[in-house]
Amino acid sequence: MWGECVSDYEDLSTIVGQMKRAAIDCWMADQEFYPVSGNEGTYCKWGWAPYQYTRPNDDGSGGGEGVGWNVSCAAAFDDIRATVDGVVERWFGLPDGSACDAPSAATRTTASILGSSAAGASVQNGNAIATSNGTINAVVLGNMEGAFRRPFLGKYYTAFSSVQGGLAQASVILQANYAAEGAMWGAVKSDVAKICADAKNAWAAQAQSASAASMQFQLSVATAVAGAVASVVTAPTGLGVVVAGLSATAVGLNTALAKVNADVAVGGSSYDEILGSLQDALQTLSETIRSQEQALDSALREAASAMTAEPADYDLDAVKLDGYPLDDGAMRMDETDAGIVSDNMSLVHEQLTEAAAALGTGPSSSPTPRNAGIGLSSTGTHASASQLHGVTASCLQRTRNEYELGRQLFDATVADFFAADATARQTVQQLLADEALTGQA
Amino acid sequence: MSDVTSRVLGPIDLDGGMGGGAMECDVPFGSRLVPTRLEIDHPGRLTQKLIDDLDVVLENLHIPDRLARDAVAKEIPLEGSAPQRLFASWSKRGDANADDVDRFVAALRPTQMLITPDGGRVNRDRVVLRYGLDGMAEEVTVRLPSSPTGPEVDRALRHAR
């Protein structure tokens, strides 16, 4: 009698048509008009009295003409249909989030190469940079002598480790954003379909004079997004762990999203009450998305701002190389150790090249476009994500180039020490001069 | 007296006060005049429109009458129902045939009518009809509510006045 229950977002047009008819049924029932048993194409006053109006079709269209009377309530039916359209129309054409798959995978790969433990255990080569970096430090510190070690390790081990970690965290925040946006919209679609179906069912039940209980549920988007981010961002554990920098931003994002816990209730005892609950539920959904995107956006902006404010923590090019003495008379190394250091610096450079290639340029347009009034804006977090993506890519590219210059400087230092190349000293001096020009500090 | 007038009931003159009012009169129902009571829950909200709408029902009493008789006929097979018991008593009379449901239903005559047009959701009944049979002391009550569920027949038989 009341039509098939459809609650899949892909059938939203069908649901909305059914909502319109159920809403009109309820509005008529509020005035004690009910479909006539055996002739359900018309409403009768009290269900049996001789006042009849035609009933809308299953898709909500038509109806409202008097039967045997020169009267019409079609205009009122049109108003109800327009009201339902007005409430629901912005929820059509939602993205499916699949356009986030590629940037999510790309940032995941970048974070993994840069050694983020939060990037996921299934990613290969997650520790290659850290392993090479540790080898470089151990060999230079343990097997070599000379004053050059202090500025060399200060920039290309200690500062680089910090930059590597910072870039990894920036990539994790980007990944969290894309993972969240990717997981969000399937859940939003499900929530929209459920809210609309619940409103339709509430109107239908009320039209039958059966007061339905208010249908209360938690929006699935709340847990979907929090879960997606939690799988990307892992909070450090253990006593005395100090979470700072972008790690704090990422963990803060996790915490903020876990607090978003929205319940909605659709129901009521009249057309107007149920309409109000529908509007409230969809508004709550929009505000939930907005809260989630606000948390993501804040983390993205905070990260980009930190990277701009403290470039030395994210860009090796911004790290000054301290005085680099060549003639202190204490320099000592053997060729095997020098080769190990150079080889490992090459490996690190290769990893940085791979990380930069994986990061790429990011989406050129919002991967989750939607109508205005849903979430943060019609483009979501795209602007902030693009900004952080751009800053991260630039820092990573400059770090890669700067690290390569460091490798060349080390190789030239070694060549000069072993007097293997008559131009080595000149090369070292040229590289140091370039370093002084390009260094930000 | 209100300035509201019914084409069937005449001037609407309710006894009682703000908490509700009622009037009684006889209404033409087929070939009879049936004692009728009109109860208004909200006299302050009584309008000519409400009475005009009610008049359309009262001028077409064959509709609720048909619905009520159909409801009675439908319940005759139900063990213990008021129509079944009244039918059983009626069919024991000499001139009745136990299978003659149609004749039984046709023999029913309306004896009372209660009209409560503004009962809202508290009182869903809009027209309540009592039916009896010549020479029998018990009557069956049929309620026509404001509802998509159709007429309801009381389980209890009531004594004729």
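This is a predicted model: local features need pLDDT of at least 70, side-chain atom pairs count only at pLDDT 80 or more; totals for chains, interfaces and linings use all residues.
Chain B contains four helices and ten strands. Their order along the sequence is β-β-β-β-β-α-α-α-α-β-β-β-β-β. The C-alpha trace of chain B spans about 50 × 30 × 25 Å along its principal axes. The radius of gyration of chain B is 17 Å. A compact globule of 161 residues would have a value near 15 Å, so the two agree. Buried residues account for 30% of the 161 residues in chain B. Sequence separation was also examined for the contacts within chain B. Among those between residues at least 6 apart in sequence, 45% join residues at least 24 apart.

Chains A and B touch each other. The contact draws 13 residues from chain B and 13 residues from chain A. On the side of chain B that touches chain A, the elements giving two or more residues are α1 (48-58) and α2 (62-75) of chain B. By class, this side of chain B has seven nonpolar residues, four polar residues and two charged residues.

Two non-glycine residues of chain A have a positive phi. E32(A) is one of them, with a phi of about 65 degrees. E32(A) sits in the loop that links α1 (12-30) to β1 (33-36) of chain A. E32(A) has 24 C-beta neighbours inside 10 Å. The threshold for a buried residue is 20 or more, so E32(A) counts as buried. W46(A) also has a positive phi of about 65 degrees and is not a glycine. The loop that holds W46(A) runs between β2 (39-45) and β3 of chain A. W46(A) is buried because 22 other C-beta atoms lie within 10 Å.

Around G62(A), 14 other C-beta atoms lie within 10 Å. That count falls between the limits of 12 for exposed and 20 for buried, so G62(A) is partly exposed. Neighbours within four places in sequence aside, G62(A) is in contact with P56(A) and N57(A). R21(A) lies 41 residues from G62(A) in sequence. In space, the C-alpha atoms of G62(A) and R21(A) are 9.5 Å apart.

How values were computed: Residues are numbered from 1 along each chain as its sequence is written. Chains are lettered from A and ligands numbered from 1 in the order in which they are written. Two residues are in contact if their C-beta atoms, placed from the backbone, lie within 7 Å. Ala, Val, Leu, Ile, Met, Phe, Trp, Tyr, Cys and Pro count as nonpolar, Asp, Glu, Lys and Arg as charged, and the others, Gly among them, as polar. The radius of gyration is taken over C-alpha atoms; the globule rule is 2.2 Å times the number of residues to the power 0.38.
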